[in-house]
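Please look at the structure shown here before reading on. The paragraphs that follow go through its parts one after another.

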Amino acid sequence: MIRIELAVLAAIGALAASSAAAQDGSKVFAMQCKLCHAAASGPMGPALAGVAGAKIAARTDYEYSPALAAKGGTWTDANLDAFLAAPGKFASGTRMAVAVTKPADRAAVISYLKTLK
């Protein structure tokens, strides 16, 4: 019985931490990303709803750089982290010029991106 209660408490704690990280990510997103990434894709960047877990450069309403379009794979946490840390290193020739340099900020943005549906 105690194990079940501990598991429930751990799950609640993880959910609360994830929610807090997403809230922090929302703030970082608003400061660093929102200018180019709106609810709808535009000339500056694609919309990011559903990006977490999606194929890289898969939106049909945005024309990606040849570098990112050729990258292949999916937007896993690791790929999102690498791209946000150094876009040009992840996909040399990408049009994304803004990096999220702090690991904690990247983790928070990734948590936030997972909430966008």
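R59 counts as partly exposed, because its relative accessibility is 29%; partly exposed means between the limits for buried, under 20% relative accessible area, and exposed, over 50% (1.4 Å probe, protein chains only). This is a predicted model, in which local features need pLDDT of at least 70 and side-chain atom pairs count only at pLDDT 80 or more, while totals for chains, interfaces and linings use all residues. Residues are numbered from 1 along each chain as its sequence is written, and side-chain values use heavy atoms, with hydrogens and water left out.

R59 has a partner in D61: the two form a salt bridge, with 2.9 Å between the closest N and O atoms. A salt bridge here is a side-chain nitrogen of Lys or Arg within 4 Å of a carboxyl oxygen of Asp or Glu. D61 is partly exposed as well, with a relative accessible area of 43%. Side chains of opposite charge can pair when their charged atoms come close.

How many salt bridges does a search of the whole structure find? The search finds three. Another of them joins D77 and K114, whose closest N and O atoms are 2.9 Å apart. D77 belongs to helix α3 and K114 to the segment after α5, so this pair ties together parts that are 37 residues apart in sequence. Helices (H or I, at least four residues) and strands (E, at least two) are DSSP runs, numbered from the N terminus. D77 is partly exposed at a relative accessible area of 39%, and K114 is partly exposed at 37%.

R106 and D81 also meet through their side chains in a salt bridge, at 2.8 Å from N to O. Since R106 lies in helix α5 and D81 in helix α3, the pair ties together parts that are 25 residues apart in sequence. Is R106 buried or exposed? R106 is buried, with a relative accessible area of 9%, whereas D81 counts as partly exposed at 27% relative accessibility.

The helices named so far belong to a simple list. The protein has five helices and zero strands, and along the sequence the pattern reads α-α-α-α-α. Of its 117 residues, 29% are buried.

In the loop between α1 and α2 (66-69) lies A57. A57 has a positive phi of about 60°, although it is not a glycine. This residue is buried, its relative accessible area being 18%. T115, by contrast, is placed in the segment after α5 and counts as partly exposed at 44% relative accessibility. T115 and A52 are 63 residues apart in sequence, and 8.8 Å separates them in space, C-alpha to C-alpha.

The aromatic side chains come next. A search of the whole structure finds five aromatic pairs. Rings of Phe, Tyr and Trp (its six-membered ring) pair if their centres lie within 6.5 Å; planes under 30 degrees apart count as stacked, over 60 as edge-to-face and the rest as tilted. Y62 and Y64 have ring centres 5.0 Å apart and planes at 80°, so their pair is edge-to-face. Both of these tyrosines, Y62 and Y64, are buried. F83 and F90 also form an edge-to-face pair, with 5.5 Å from centre to centre and 65° between the planes. F83 and F90 are buried too, and together with W75 they form one aromatic cluster. The charged end of K71 sits over the ring of F90, 4.4 Å from its centre; this requires NZ of Lys or CZ of Arg within 6 Å of the ring centre and within 35 degrees of the ring normal.

A pocket is an open set of points on a 1 Å grid over the protein atoms alone, where a 1.4 Å probe fits, with protein on both sides within 12 Å along at least five of seven lines; lining residues have an atom within 4 Å of a point. The space in the largest pocket is about 570 Å³, a volume being the space filled by probe spheres set on the points. The elements giving two or more residues to its lining are α1 (2-32), α3 (77-85) and α5 (103-113). Of these, α3 gives the most, with three residues. By class, the lining has 25 nonpolar, six polar and three charged residues. Ala, Val, Leu, Ile, Met, Phe, Trp, Tyr, Cys and Pro count as nonpolar, Asp, Glu, Lys and Arg as charged, and the others, Gly among them, as polar.
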